[in-house]
Amino acid sequence: MVPVYKKSIFAHGIIKKEELHLAQTVTDFNVQTTGKDPSALRKFYDRNLILNALPNLVHDQFGQKRNIPANGGKTINFRRLAPLPKAMAPLTEGVTPRGNDLTWSTIESTLQQYGDYITISDVLQTTGIDSNLIEAGEILARQAGETLDAITREVLNSGTNVQYANGQLARYLLSGGKGSGNDYLTVDTIKQAVRTLKRNNAKRINNYYVAIIHPDVAYDLMEDPKWENVKTYSDPEDMYNGEIGRLYGVRFVETSEAKIFKAEDLSAAARNLTVSSANASARTITVSETLTTEDAAALADRKIIVNGILYTVSSASGSVLTVEEALATGDAAPTANNVIYPGEAGADGRDVYSTLILGADAYGTTELDGGGMRNIVKQLGSGGTADPLDQRATTGWKALKTAEILVQEYMVRIETVASYA
């Protein structure tokens, strides 16, 4: 009998020897195995999915991990042990002190389910069903990894411990450009974040703090002569997935999935708008452009920047924007021909990048193993009357996932722009 799964199994290196015989008995996707545990093949696909999803889970690497409890409901608890106060009182000779108690704080998080699937036709089977399933599984694994990673990323970037480049006070003030005065990531900014974590007594992860950084931002930082590239490590063992180097006690892990705060265009036709006139008493700004009904509706609750001042649009009708805040006066007052920029990102609507500096136990997340993620394969012919001609097989994934910030003080989000605009 031809071992149709042998090549893919050994290529991925994820199936036990005792499971190989089962895989070798499957010559067609329709064939049911006999005399062996029918769950073994599903285990193979589960492992294949998890193995291919793991490289995309950069944001999951550094948190507390929890397995999904079987029959444990939809909630999961992350726990933190409170530190003890200093024992400053001298002991009395012969007298046993009162002692202390352990105090646990618990954060309860609700599990959510995510997933997707791919349909494989019977016609496609003629090209080799095994390779189709493996290739489909790899695509699904990448999607699963990126999805679950993005869920953790969004939670981490909701943290309240924020540091803006160059001592700026808000995201919308961050600007770029050549020469001095730009708000790119610098060594000094990293040192300030490290100081914050040290002052907060944040423990290190394997003797280092860890940064999750976008390639655009890493490019700016690696120009510093003190940057230690990962290729020059004298101790290259135990490197993190995506690690690129270290600096001032921080190991940097690079991912294109690092958070970018982007501002959407202000209308379907244009990135920016232009001031035609402004009415301070009515808190209105009339724009030169004609806005569609859809444009006006989309502008409600949007942030805009005019002359470096951030406003919130409460409503829009026709070409008139009504804002919540009083209009600025003097040189900052909106006047004709001023450009109106989207305000959810940096100055002039420029993209703003998040670099997360993390200590140990800053956050928690769920594991993929132990019930966290499954690969579900439905064979040709398993659809009953819904598939009367046995034309469709499917392979998909589903996962239970949650992530929570456990200690805000153990992480710092640095917001900067990058030289790549």
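Student: How many salt bridges does the count come to?
Tutor: This is a predicted model, in which local features need pLDDT of at least 70, side-chain atom pairs count only at pLDDT 80 or more, and totals for chains, interfaces and linings use all residues. Residues are numbered from 1 along each chain as its sequence is written, and side-chain values use heavy atoms, with hydrogens and water left out. A salt bridge is a side-chain nitrogen of Lys or Arg within 4 Å of a carboxyl oxygen of Asp or Glu. By this rule, the count is 13 salt bridges.

Student: Lys-401 forms a salt bridge with Asp-60; how many residues apart in sequence are the parts that the pair ties together?
Tutor: The closest N and O atoms of Lys-401 and Asp-60 are 2.5 Å apart. Helices (H or I, at least four residues) and strands (E, at least two) are DSSP runs, numbered from the N terminus. Lys-401 lies in strand β20 (residues 392-401) and Asp-60 in the loop between α3 (39-53) and β1 (64-66), so the pair ties together parts whose separation in sequence is 341 residues.

Student: Is Lys-401 buried or exposed?
Tutor: Buried means under 20% relative accessible area, exposed over 50%, and partly exposed in between (1.4 Å probe, protein chains only). Asp-60, at 6% relative accessibility, counts as buried. Lys-401 has 2% relative accessibility, so Lys-401 counts as buried.

Student: Which residue forms a salt bridge with Asp-361?
Tutor: Asp-361 is partly exposed, with a relative accessible area of 28%. The closest N and O atoms of the pair are 3.5 Å apart, and the partner of Asp-361 is Lys-203.

Student: What is the relative accessible area of Arg-251?
Tutor: Arg-251 forms a salt bridge with Glu-243, and their closest N and O atoms are 2.8 Å apart. Glu-243 counts as buried at 8% relative accessibility. Arg-251 is buried too, and its relative accessible area is 7%.

Student: Which residues make up the covered face of strand β16?
Tutor: Strand β16 covers residues 339-342. Val-339 and Tyr-341 form its uncovered face, while the covered face consists of Ile-340 and Pro-342.
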